[in-house]
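Reader: I am new to this structure. Could you walk me through how to read it?

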Amino acid sequence: MVRLITHNILACHAKGCTTNNFPLQFQDVSIELREAEFNADFLRGFLPRLEWAALVSAARQLGDTSLPEQQPEMLDDEFLQKLHHVLLEIHVEEGAMVCPNCKHVYPISNGIPNMLLAEHEIG
Amino acid sequence: MLTQYLFVFAQVHDEFRIPELQSVAEIYGFDIKLPDNPEDRKTARPFMVLGLESEEHAKLLARRCVLIKYVCEFYARGRTYEELHQQNRIRAPQWQKYADDTSFKFLVTAFNHTIPQWRQRDVVESFAYMDFQGKIDMKNPEITLACFEEYRDKHGTTRPKDEGDGEFEEVWFGRLIETGSARPLVKKFDVKKRAYYGNTSMEAEMSLLMANQTLAAPGKLVYDPFAGTGSMAYTTAHFGALFFGSDIDGRQMRGKVKPPGIIRAAAQYGVANGIMDLLTFDVTQNPWRCGELFDAIVTDPPYGVRAGAKRLGRKNARPPTEEAPRVHVPRPDDQPYIPPTRPYELSELARDLVLLARYMLRPRGRLVFFLPTVTEEYKEVDIEAMLCGGMEVVANSLQDFGSWGRRLITIRKTTDKKFPPPTFDPAHAVTENVGSHVPAHKDFREKYFQGFKKGDIGGSDSEQQ
C-alpha cells in the first residue's frame, strides 16, 4: 500500500502550504513488491493525470530506475509494463512522506498513510 | 428489431430495480425499452417484459443485476390459460424451431403460492399443442420452458394448503435464457461471514446495488471518502474497479490486528489487489493534488445514528484573535497525535459531497450515496436543492423503514468544464438552485432520536457553530 500512483496524486494540504508542496519525499521507507493485474487501457487513460517528473523521482528514491526521465511519446507494451510495475506493484508499507515545503511529516503505518492535519494546520 | 424478454425479479428493493437495469445497460452500452403501459412498469410486481436488441444483452443483465432471478424469451401472458395459449399460438414462429428435436423440460412455478404437483403436470400437458418432439430431459435440457403464475400476496393469513390454487392474477410463459447469476453474490458478500466488519457495515445486497450504480468495471477508479470498514470496496473491486478509500478515523479501516481489516476482508473475496490504497484523512481537508481523478465516488456517509460524521476542528471554535498557534506537543511514538474533531451536519455534508464530486469526478462520472430522510417531510426539492451546475440526478431510490428511510442518490457529472475544489465552508453554503431551502434530512440525527415528532428541533444550533 501507498503505491506510487497514490503518491503521485497526493500533495501537502496544510494551511498556507500551496507552493512546492508536491511531490512528498519518502523517508525511512520499507517497501514490498506485489504483483497486480495489468490493464493497458487503464494506464493509457491515467497517464495524462500523472506528474511524470515526480513519478520518476519517487521511483528512484525507492530504488527503481526503469522509467525514462522524459515521458516517451510512444506508449509501446514494454513501456506500459514498466509503468505498470512502478505505479501499481511497489508498495510502501512503513515510513513517512514529508512535505518539501513545510516539512509536515505524514507517517505511513501498515501501508496506510496518516494525512490528518493538526489543529493549527487547518484552514 | 427489439425482441421482448420476460424478466422475473426478486421482490425486494423495488425502487432500485429499474435504475440497476439502466446502469448495467450503460456499462455495456446498450438500450432497454421499458413497457409502454405504465401499469406494466410498476415494480410492485416481480414480472416485467423488456425490449432488447439481442439475447446477449439479456444474458449480460442476468449476470450483473443483483435483483434479477430469471430472464426468458417472452412468449405469452394471460389472465387465464386460454388467453395465454391463444397468444402463445400466435407466437409460434418464435418457438417452432425447437419443436422438431430439441431436448427440453418445463418449469412450472408461482409467485406467492405453491402449485401442487398434480396441477403442475396438468399445466405442462396443456402445452401439448406446441408438439415438441424432442427428448424430455430433466437434467440437461437444451431449452427450458418456464411458466409462472402470479398470485396476490396472501401474507399474514392462515389458510389450508393449496387454497386458492389456480386463482392467479396473471400467468406468464417463455423460454428460460438465464438464471440470474449475480443474485448469489448477496450470499457471497454476507457481512456475517466477512473477515472484517463493523456495526455500520453496509448489508451485502445493498452494497452490490450501489456498486452497480457506480458502473464499476475493470480499470475504473472508485473512491469512498467515508470508507469506514470498507463495505463499498469489496463489491466495486469484485466488478473489477480499483478502489481508493479514506476515512477520518483510521481505526475503522485497520481494525485491531495486522494486516488492515479491509485488506483482510478483500483477500477473503480475492480482490485485495483491487484496493488501490486506504488513507486516513478528513475529506474536508483532503490531500488530493488535482481534480477529475475518479470515475465514481460511492459512499454511505455516517448520519449520526450509529456513527456521526466528523470533520477536523473544534465544536466551539476559539475566536480567531488568538495568537500564533501553539505547536502541538510531541508524543511518544506509540501515541500518535489525534487532532480534535467536530460534528459534520448531514445536509452540509451532502451538499459538500456533490461539490466534491463535481471537482473530483471525470466527465460522466457518477456520485452514488445514501441520504437518510424523514419520510413525512421529504420533498423532491430536498435533492434538487443540493445539486450544482453540471450535476444531474440519474436515480433516487427509497429504502423504506417506515417513519424514516434512506435514499440511494445517483448523480452524474454532465459537464467537462473544470471546477475549483470545494471550500467546505458552511458560510459559502448558498445553493445555486433553491436559495435557502431547508431539506428534510437536515439535523437528521436529532429528528431520529426525537422519534420524528413534529415541531421544534432544539439543541442543533449550538452544534453547527
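Author: Gladly. Keep in mind that this is a predicted model. Start with chain A. With 123 residues, a compact globule would have a radius of gyration near 14 Å. Chain A has 15 Å, which agrees. Along its principal axes, its C-alpha trace spans about 45 × 30 × 20 Å.

Reader: How many helices and strands does chain A have, and what pattern do they follow along the sequence?

Author: Count the elements, then read them in order. Chain A has four helices and four strands. Along the sequence the pattern is α-β-α-α-α-β-β-β.

Reader: What share of the residues in chain A is buried?

Author: Buried residues make up 34% of the 123. Take the contacts in chain A between residues at least 6 apart in sequence: 72% of them join residues at least 24 apart.

Reader: Is A:Val2 buried or exposed?

Author: Count the neighbours. The cut-off for buried is 20 or more other C-beta atoms within 10 Å. A:Val2 has 25, so A:Val2 is buried. Its phi is near 45 degrees, a positive value in a residue other than glycine. B:Arg364, in strand E13 (residues 361–374) of chain B, also is not a glycine and has a positive phi of about 70 degrees. With 13 other C-beta atoms within 10 Å, B:Arg364 is partly exposed.

Reader: At what angle do helices H1 and H8 of chain B cross?

Author: Compare their axes. Helix H1 (residues 17–28) and helix H8 (residues 204–213) of chain B come within 8 Å and cross at roughly 45 degrees. That makes H1(B) oblique to H8(B). The crossing is left-handed. H1(B) brings B:Pro19, B:Glu20, B:Ser23 and B:Val24 to the contact, and H8(B) brings B:Leu209, B:Asn212 and B:Gln213.

Reader: Which residues of chain B touch chain A, by class?

Author: Take the sides in turn. Chain B gives 31 residues to the contact and chain A gives 29. On the chain B side, the largest share, five residues, comes from E9(B). By class, that side has 18 nonpolar, eight polar and five charged residues.

Methods
Residues are numbered from 1 along each chain as its sequence is written. Chains are lettered from A and ligands numbered from 1 in the order in which they are written. This is a predicted model: local features need pLDDT of at least 70, side-chain atom pairs count only at pLDDT 80 or more; totals for chains, interfaces and linings use all residues. Axes are lines fitted to C-alpha atoms, for helices over the stretch in contact, and angles run from 0 to 180 degrees between N-to-C directions. Helices (H or I, at least four residues) and strands (E, at least two) are DSSP runs, numbered from the N terminus. Angles under 35 degrees count as roughly parallel, over 145 as roughly antiparallel, 65 to 115 as roughly perpendicular and the rest as oblique. A crossing is left-handed if the near helix is turned anticlockwise from the far one by less than a right angle, and right-handed if clockwise. Two residues are in contact if their C-beta atoms, placed from the backbone, lie within 7 Å. The radius of gyration is taken over C-alpha atoms; the globule rule is 2.2 Å times the number of residues to the power 0.38. A residue is buried if 20 or more other C-beta atoms lie within 10 Å of its own, exposed if 12 or fewer, and partly exposed in between; C-beta atoms are placed from the backbone. Ala, Val, Leu, Ile, Met, Phe, Trp, Tyr, Cys and Pro count as nonpolar, Asp, Glu, Lys and Arg as charged, and the others, Gly among them, as polar.
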